[in-house]
Each structure stands twice: as structure tokens, then as C-alpha cells.
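Here's a quick briefing to read with the model open beside you. Take it one topic at a time and find each residue as you go.

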Amino acid sequence: MRKTIIAGNWKMYKTIKEAIELSNGLKRELFKLDNQDIDVVLCPPFTALSEVYEVITESNIMLGAQNLYWLDEGAFTGEVSGKMLKEAGCNFVIIGHSERRQFFGETNESVNKKIKAALANELTPILCCGETLKEREAGKTFDVLKDHAQNGLAGISKEGILKIVIAYEPVWAIGTGKTATSVQAQEAHKFIRDLLAKLYDQEVAGQVRIQYGGSVKPENITELMQQPDVDGALVGGASLQVASFTDIVKKAAEVLK
Ligand code: PEP
């Protein structure tokens, strides 16, 4: 049985003050819910990690970062290491988000190094993969997923992959209001799961969690979560408000009943 995981990617939103306010609101609302069956993860900007950690400590919410560098320390101006994230209270880290691939030159090679660094620092990597609209229209969706997953996971052992979460995030659905239909999401998730069976084995394919990301909202979470290979969601825009993110977690929990 794979545990559902709902993560909020706050991107470059929320000052420290706003982040404290949002996480306090979420803690209050999610505390009321019986969400023992769901991992809820907040991924604020680096500047707010420690403060959000202070708020959510002793709650059922966990902390994640949005990126890391693959070395523990050194002369790498502007970078933050896995060791530093762990110390700040993180358990998760998003790696290879399409915005990082698109705007910051992230490649499968850097993604792979970051995944290894995350695992070495006992952080759960959330490996993002997904196609652009052009790639989907050219019939290359599965080729892209294979490229992102296979190369991102190069050299990762069975023990390692079992600690990783994969996020299928079609680029055309991120921040656009367009959601993949539940059929499109299920098809992509099934493809990734079958690929894991080929790269590793059936046990791995059966255990690794695959989240969907791309304009997830309270209105579409139920149908997405009803798909057999969808194990949760990576939420951007709708994670920035207490009401919408709480609703998403609540509706995901209802599907599990
Ligand atoms: C994301 O940031 O990973 C994301 C899926 O964003 P949104 O939910 O806003 O599309």
C-alpha cells in the first residue's frame, strides 16, 4: 500500500512573515483532519524554511525544499546543500522541477547528482518529470518521461529508488489552469510505473509513489486521486492559500476511505 503524499510547492512566493502565517493556518486546519494516511509536505522558499519548521514541528506536516546543490559545502556562491537543508528541518526536496530545467539550465545529469546528494543526506527526493505541449503534440510524451526518469535515476540502487518520490508534471499544465485529464495522468503514471519495473523490479514498481502535478485544485483532486497509479499531488498555486490546500488534502483523504 503506497501512502498518499500531497506536497505544496510555494515557488518564489511568501516572505518569512507570510510563510509563518500560511503554515500556522495550515497547521490549525490540518490538525483537525484525520490525515494520518497522508504525508503532507510544505516546500517554502529557502529563506522561510527554519521558521516554517518551527511552526510545523510537533504537527503532522513535514518540510521540504525546492532545490539543493549536490556538494555539502564549498565555494559555490548562491547554492544551498543537502546538509544545510537537513539541518533546517527538511525531510523532502523537489529536484528537477520543469521551471528549473527551463530557466536555470537543470539537466538530467545535474538532477541525477542532486538525487544522489539528497539520498546521502537522508532527504527524500521528489523527482519531477514531464513533457512540454510541443513534445506531447509530437507524440513524444513517453520518450520524455523515459529520458527524465531513466537518466535522472542513473546509478541509483534499489534501496535508493525505494526512498524516492516521482512527480509527473506535464509542463503545459503547470500554472496554466489546464489540468491533464485523469485519463492522461493515469496513462503517464502507469508508463512510469512500468518503466520502474523494467529498470528495477515489480516490488519497486509497486512501492514507489508517483504524484501528479499541474494545476491541481480542490475541484480536480478527487478524480485524479481515484486513478490507481496516482499516489498524491504536487501543488503549486493552490498551495498558497489555507483554504484551497486544506481542501485538497481533505478531498484526497476522502478518496482513501
Ligand atoms: C508546481 O509548481 O509543481 C505546480 C504543479 O504548479 P501549479 O499547481 O500551479 O500548476
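A residue counts as buried when its relative accessible area is under 20%, as exposed when it is over 50%, and as partly exposed in between (1.4 Å probe, protein chains only). Keep in mind that this is a predicted model: local features need pLDDT of at least 70, side-chain atom pairs count only at pLDDT 80 or more, and totals for chains, interfaces and linings use all residues. Residues are numbered from 1 along each chain as its sequence is written, and side-chain values use heavy atoms, with hydrogens and water left out.

**Helix α5 and what covers it**

- Helices here are DSSP runs of H or I with at least four residues, strands are runs of E with at least two, and both are numbered from the N terminus.
- Helix α5 takes in residues 108-120, and its 13 residues should span 18 Å at 1.5 Å a residue.
- Which residues of α5 are buried? They are N108, S110, V111, N112, K114, I115, A117 and A118.
- As background, an α-helix has 3.6 residues a turn, so residues three or four places apart point the same way.
- The cover over the buried residues of α5 includes strands β4 (92-95) and β5 (124-129), along with helices α4 (98-103) and α7 (141-152).

- After α5 comes E122, which has a positive phi, near 55 degrees.
- L123 sits in the loop between α5 and β5, and with 2% relative accessibility L123 is buried.
- What touches L123, if you skip its neighbours within four places in sequence? Its contacts (heavy atoms within 4.5 Å) are L68, G82, L85, K86, C90, N91, F92, V93 and A118.
- One of these, N91, is 32 residues from L123 along the chain, yet their C-alpha atoms are separated by 4.9 Å.

**Salt bridges**

- You'll find 13 salt bridges in the structure; each is a side-chain nitrogen of Lys or Arg within 4 Å of a carboxyl oxygen of Asp or Glu.
- R100 pairs up with E106, their closest N and O atoms being 3.3 Å apart. R100 is partly exposed at 22% relative accessible area, whereas E106 is buried at 9%.
- R193 forms a salt bridge with D229, with 2.5 Å between the closest N and O atoms. This pair links distant parts of the chain, 36 residues apart: R193 is in helix α9 (residues 182-199), and D229 is in the loop between α11 (221-225) and β8 (232-235).
- D229 is buried at 9% relative accessibility, and R193 is buried at 7%.
- R193 also forms a salt bridge with D231, at 2.7 Å from N to O. D231 lies in the loop between α11 and β8, 38 residues from R193, and both R193 and D231 are buried.
- Through shared partners, salt bridges join R2, R193, D229 and D231 into one network.

**Two helices packing together**

- Helix α1 (residues 16-32) packs against helix α12 (residues 242-256) at an angle of about 35 degrees, with the axes 10 Å apart. Axes are lines fitted to C-alpha atoms, for helices over the stretch in contact, and angles run from 0 to 180 degrees between N-to-C directions.
- L22, G25, L26, E29 and L30 of α1 make the contact with V242, F245, T246 and V249 of α12.

How values were computed: Expected span 1.5 Å × (residues − 1).
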